[in-house]
Amino acid sequence: MKISYKKLWKLLIDKDMKKKDLIAVANVSATSIAKLTKGKNIQTDILVKICVALQCDISDIMELEKRG
């Protein structure tokens with residue numbers, strides 16, 4: 001299983017936001033967003049900041065995908 005952040009990118013599109021907007025509103029680093037873009041592991045507190053900023057639940061921004 002791997003983590004996918006496709007839901008986050010769709011949510012940003014739905015909210016008419018760009019990654020740079022997310023960086024500003026969630027007060028996270030560009031490095032953290034780059035890690036998300038590449039599907040890499042990221043600290044939970046960063047995910048919480050994003051959820052608070054977007055007023056959503058963790059399941060709204062990420063999901064587990066089967067490898068295959």
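Residues are numbered from 1 along each chain as its sequence is written, and side-chain values use heavy atoms, with hydrogens and water left out. Because the model is predicted, local features need pLDDT of at least 70 and side-chain atom pairs count only at pLDDT 80 or more, whereas totals for chains, interfaces and linings use all residues.

The largest nonpolar core comprises 19 residues. A nonpolar core is here a set of buried Ala, Val, Leu, Ile, Met, Phe, Trp, Tyr and Cys residues joined through side-chain atoms within 4.5 Å; buried denotes under 20% relative accessible area, exposed over 50%, and partly exposed the range in between (1.4 Å probe, protein chains only). The members that touch the most other members are Y5, L8, L22, L36, I50, L54 and I61. At least two residues of this core come from each of the helices α1 (6-14), α2 (19-26), α3 (30-37) and α4, and α4 gives the most, with 5 residues. Helices (H or I, at least four residues) and strands (E, at least two) are DSSP runs, numbered from the N terminus. In soluble globular proteins, nonpolar side chains tend to be buried together.

The surroundings of L22 were examined through its contacts, defined as heavy atoms within 4.5 Å. Not counting residues up to four places away in sequence, L22 touches L8, L12, M17, N27, V28, I33, I50 and L54. With the same exclusion, I46 touches V28 and S32, and S32 touches I42 and I46. I46 lies in helix α4 (residues 44-54) and is buried, with a relative accessible area of 12%. S32, located in helix α3, likewise counts as buried, at 10% relative accessibility. Between I46 and E63, which are 17 residues apart in sequence, the C-alpha to C-alpha distance is 16 Å.

The structure holds 2 salt bridges, each being a side-chain nitrogen of Lys or Arg within 4 Å of a carboxyl oxygen of Asp or Glu. Strand β2 spans residues 63-65. K6 is exposed, with a relative accessible area of 56%. Leaving aside neighbours within four places in sequence, E65 is in contact with M1, K2, S4 and K6. The other salt bridge is formed by the side chains of D14 and K10 (3.2 Å, N to O). Because D14 and K10 are 4 residues apart in helix α1, they are separated by about one helical turn; both residues are exposed. Side chains of opposite charge can pair when their charged atoms come close.

Aromatic rings were considered next. A search of the whole structure finds 0 aromatic pairs, a pair requiring ring centres of Phe, Tyr or Trp (its six-membered ring) within 6.5 Å, with planes under 30 degrees apart classed as stacked, over 60 as edge-to-face and the rest as tilted. K19, however, lies over the face of W9, at 4.7 Å from the ring centre; the criterion is NZ of Lys or CZ of Arg within 6 Å of the ring centre and within 35 degrees of the ring normal.

K40 is placed in the loop between α3 and α4 and is partly exposed, with a relative accessible area of 46%. Beyond neighbours within four places in sequence, K40 is in contact with Y5 and K35. The C-alpha atoms of K40 and M1 are separated by 13 Å, the two residues being 39 residues apart along the chain.
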